[in-house]
Amino acid sequence: MARNKHPEQTVQRILDTASRLFLERGYDKTTLQDIIDATHLSKGAIYHHFASKEAIIIAVVDRVGEAQSAMLAEVRDRKGLTGAEKLREMFRTSLRMSFQGKILHMLPFIIENPKFMTLQMQSILGKAAPDYVLPVLREGIADGSIQADHPEELSEVLLILANLWLHPIFRPSTPEQVRTRCAFFNQFTRQYGFELLDGDIIDAMAEFCRT
């Protein structure tokens, strides 16, 4: 059998196709055979790169995470904003991305997968908090737009609350319950000199509960 000279392109092809199928049909209704048929690759070619459908979806979610990381880095390094303004932009943009349908159809499987939840916590505590949110908190403390005595701990709490506690997919809720939690979240952050949730984000969360 001829050796694949462009393995990166093959992986990209598999992930692009799987992403489309997962979004169109949902994770549960997409089979590995569907991905094989749609990519026009052999079963051996698929298994050479991914051991299972689960491995494919984790790679798809990782790719979405990489796009979010690039966005966070751009906001962190942006000039002309206070630390509080950068933090608001980070959270608003990240939450908007979360509710644009990129992975919502995959989430029912993801949240029941202990491996993914472990990876999510590792990503929050090992990368997102120290690499993106913490530097912005410290910048805000230095410029006076944020008041916090424990920025490292605050960076972790903000992300855990926003990514797990606030997100309706992790805790089925009514729109009214979501709005109440969002109001509490803004009240919580107000003591540090900022609010992170605007009306558009809150409306998107509430609408998700209805659908």
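1. Arginine 63 and aspartate 16 form a salt bridge, in which the closest N and O atoms are 2.8 Å apart. The pair links distant parts of the chain, since arginine 63 belongs to helix α4 (residues 53-76) and aspartate 16 to helix α1 (residues 7-25), 47 residues apart. A salt bridge here is a side-chain nitrogen of Lys or Arg within 4 Å of a carboxyl oxygen of Asp or Glu, and by this rule the count comes to 10 salt bridges. Helices are DSSP runs (H or I, at least four residues), numbered from the N terminus.

2. This is a predicted model, in which local features need pLDDT of at least 70 and side-chain atom pairs count only at pLDDT 80 or more, whereas totals for chains, interfaces and linings use all residues. Residues are numbered from 1 along each chain as its sequence is written, and side-chain values use heavy atoms, with hydrogens and water left out.

3. As to accessibility, buried means under 20% relative accessible area, exposed over 50%, and partly exposed in between (1.4 Å probe, protein chains only).

4. Helix α9 (residues 175-190) has 16 residues and should span 22 Å at 1.5 Å a residue, which agrees with the 22 Å between its end C-alpha atoms; the expected span is 1.5 Å times one less than the number of residues.

5. Which residues of α9 are buried? They are Pro175, Val178, Arg181, Cys182, Phe185, Asn186, Phe188 and Thr189. Seen down the axis of α9, these buried residues fall within an arc of 155°, so they line one face of the helix; the arc is that of the directions from the helix axis to the C-beta atoms.

6. On the other side of α9, Glu176, Thr180 and Gln187 are exposed, whereas the buried residues of α9 pack against α8 (151-165) and α10 (199-210), contact meaning heavy atoms within 4.5 Å.

Methods. Helix = DSSP H or I, 4+ residues; strand = E, 2+ residues; numbered from the N terminus.
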